[in-house]
Amino acid sequence: MNFNFGEVLTRAWKITWKYKILWIFGILASCSRGGGGGFGGGGGGNGGTDGNGYSPFDTGEIQRVFNQIGEWLTSNWWVIVLIILVVNLLVLLSIFLGTIGRIGLIRGTLQAEEGAEKLSFGELFRGSMSFFWRVFGLTFLIGLISLLLFLPLILFGVLTVGIGFLCMLPLICLLIPFSIAIYMIVELANVAIVKENIGLWDGFRRGWELIRANVGTIIVMGLILLVISFVVGFVFAIPAIMIFLPSGLAFAAGQGQSATPLLIGGLCFVLFLPLMILAGGILNTFTGASWTLTYLRLTRKPEEAATLLEANA
């Protein structure tokens, strides 16, 4: 099939820019994609001691602090229960919003392709509810199968003190493209579920059939979107590094005597965070629209494709 990648990517960007309400669903979609980060600090030559030999990182002092925390939690066990409940609620909320976000992006793109001049957040949100369990179920089953496949490998590597990971390196290298292929099948299957209003397994089968019949096209599209995501992520990682690297160096140079550099860095990051979230929402919108349009182009009849090209010209 003569697939026009430029037309799909251009159209996806036009939809992303014109229907800015989809950015909200892009932000929601990022809720269930996972992510994390960590910040590290370091000590200086004399271990951060002052002239009296006191160190803010003294092992005995740290041990006493942890003992006090442990005693307080023992007498206030309900706090642990409350924390566990809150964490579980946040996880469930993240899964719900992330799933609705992905469905909303698909439905919004479909409506945009049908000629809708304006998209309603409320309509997209409510309309996405009827597809929730099917899309969530597919993601959950794929995640569970992946966990069952990877967990024995991880346990084997840990039990052999890392030697197992070296032995399994060829297998791990094979699992990477396998995981990418599953990701692309799920993306197309989600579109099939929403577009065709079919069940979970029918959607997965539809996604598999589509990728099997157009493996080259879908791989190229996946690589293009992967490169775009990497470039955008790298661009936004640079300011984050520029925020925390000087703060960390200043904290280390001061031998940990003052946490002010870290506090300033943290404040700057908090101010920068909304821009990162917005950029992530826009990127998710573009990516979701691209996969939806890819599905439409690959499943549309030639005469319909010609008509669409004339309409979008």
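The model is predicted: local features need pLDDT of at least 70, side-chain atom pairs count only at pLDDT 80 or more, and totals for chains, interfaces and linings use all residues. Residues are numbered from 1 along each chain as its sequence is written, and side-chain values use heavy atoms, leaving out hydrogens and water.

**Helix 4**

Helix 4 covers residues 77-113. Helices here are DSSP runs (H or I, at least four residues), numbered from the N terminus. Helix 4 has 37 residues. From first C-alpha to last, helix 4 reaches 55 Å, close to the 54 Å expected at 1.5 Å a residue. That expected span is 1.5 Å times one less than the number of residues. G115 follows helix 4 and has a positive phi, near 100 degrees.

T109 lies in helix 4. T109 is buried, at 1% relative accessible area. Buried means under 20%, exposed over 50%, and partly exposed in between (1.4 Å probe, protein chains only). Beyond its neighbours within four places in sequence, T109 is in contact with I15, A289, T292 and L293. Contact means heavy atoms within 4.5 Å.

V81 is also in helix 4. V81 is partly exposed, at 38% relative accessibility. V81 belongs to a nonpolar surface patch with W77, W78, L82, L85, V86, L90 and L93. Together they have about 810 Å² of accessible area, from the Shrake-Rupley method with a 1.4 Å probe; for residues, only the protein chains shown count as cover. Patch residues have over 30% relative accessible area and no salt bridge; like charges are joined within 9 Å, nonpolar side chains (Val, Leu, Ile, Met, Phe, Trp, Tyr) within 5 Å.

**Salt bridges**

The structure holds six salt bridges. Each is a side-chain nitrogen of Lys or Arg within 4 Å of a carboxyl oxygen of Asp or Glu. Among them are these:

| Pair | N to O distance |
|---|---|
| E7 and R297 | 3.0 Å |
| R107 and E123 | 3.0 Å |
| E113 and R297 | 3.1 Å |

E113 lies in helix 4 and R297 in helix 11, so this pair ties together parts 184 residues apart in sequence. Both E113 and R297 are buried. Salt bridges that share partners join E7, R11, E113 and R297 into one network.

What is the relative accessibility of R107? R107 is at 14%, and so counts as buried. E123 is partly exposed, at 30%.

Methods. Helix = DSSP H or I, 4+ residues; strand = E, 2+ residues; numbered from the N terminus.
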